[in-house]
Amino acid sequence: ANSPPLGAGANGGGGLGASHGTISTPTLLHAAVAFLEGQPQAPGAQGMRTLDLAHCGSDAEQVALLARALGSATAALHTLRLSANGLGPDAAAVLAEALPLCPALVKLDLSENPLEDDGLVALCDKLKACHSLTDLDLSRISAGPRGVQAVGEYLAVPTRLARLRLQHPGGWVTGDLRPLSRGLAANGHLVDLNLSCSSGRHEITTFVQDLAANTTLRAVKLTAVVHIRWDATKRKELTLAFEALEKRAAGLPWRLSLGLAFAGGSNLLEEQPRRPSLPHFDRDQTGIPAKAGP
């Protein structure tokens, strides 16, 4: 526990990572497991804070090995990144069992894994007991109705979750948005939402109206693809809903990025910060507001 860190995590400091691919996956994984099992178990003790195994190609058997280590001694683990590892529903279920045993876990990244609905259901059920988690990334995961329902139910449970990323090029939610609306309405901590959705006009209009009424959110990036025949009246209704969300943002220190596209028709794209009295927003190469000035 008092030895130097085995490499550098993504945030520096005590961590283990594979950022340059210089360590093979089995070697890296076994080193991580050995290090975790050798850590002190007392809360507040020094130990590994960041474990970054993104893009390592870990399989279900290796994840099971890691899960056992997470459950044995993880008092200090703050950040766990397992993105783009091909983790399916079975691996997600095994990992989920260990997550509530990480009392200091704040950031969890499981993006770009084919968790499917079964994996999301198992994961969200156990995340309800992860009381320290504030940052969750489930981007580029194809979610069906049961997966969306599971995330909505997780959001409705009292937790400390503050940032949630649900991005996907084809729409993270494709269809019914009501489970997310209900979860967001019941959640009192979430301040930053990044969501891609692809649905019908009525569903997206209602969801945007619900966002506009949310008193907790402070940063929203919403990309919506609306499946309707091109119709000026329907376009106007949906555009008015987006304008209501902008008005909501105008009186608060929001970061707001809206992308609205009508399937089969022209694109309407609007991305702008809505708080003129605040310092200017720096923008990344995509044009999305990234951070406020000092």
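Analyst: What follows goes from the overall fold to single residues. This is a predicted model, where local features need pLDDT of at least 70, side-chain atom pairs count only at pLDDT 80 or more, and totals for chains, interfaces and linings use all residues. Residues are numbered from 1 along each chain as its sequence is written, and side-chain values use heavy atoms, with hydrogens and water left out.

User: What's the secondary structure of the protein chain?

Analyst: Eight helices and 13 strands, taken as DSSP runs (helices H or I, at least four residues; strands E, at least two) numbered from the N terminus.

User: And how many of the 294 residues count as buried?

Analyst: 49% of them, with buried meaning under 20% relative accessible area (1.4 Å probe, protein chains only).

User: Which residues have the most contacts inside the largest nonpolar core?

Analyst: Leu 138, Trp 172 and Leu 222, in a core of 67 residues. Such a core is a set of buried Ala, Val, Leu, Ile, Met, Phe, Trp, Tyr and Cys residues joined through side-chain atoms within 4.5 Å.

User: What is Leu 138 in contact with?

Analyst: Beyond its neighbours within four places in sequence, the list includes Leu 110, Leu 115, Val 151, Arg 165 and Trp 172. Contact means heavy atoms within 4.5 Å.

User: Switching to Ser 199: buried or exposed?

Analyst: Ser 199 is buried, because its relative accessibility is 5%. Ser 199 lies in strand β8, residues 192–199.

User: What does its side chain reach?

Analyst: The side chain of Ser 199 reaches the backbone oxygen of Gly 175 at 2.7 Å. Gly 175 is also among the contacts of Ser 199, along with Leu 177, Ile 204 and His 227.

Methods:
Buried means under 20% relative accessible area, exposed over 50%, partly exposed in between (1.4 Å probe, protein chains only). A polar contact is a pair of N or O atoms within 3.5 Å; within protein, one must be able to donate a hydrogen and the other to accept it, and residues adjacent in sequence count only if both atoms are side-chain atoms.
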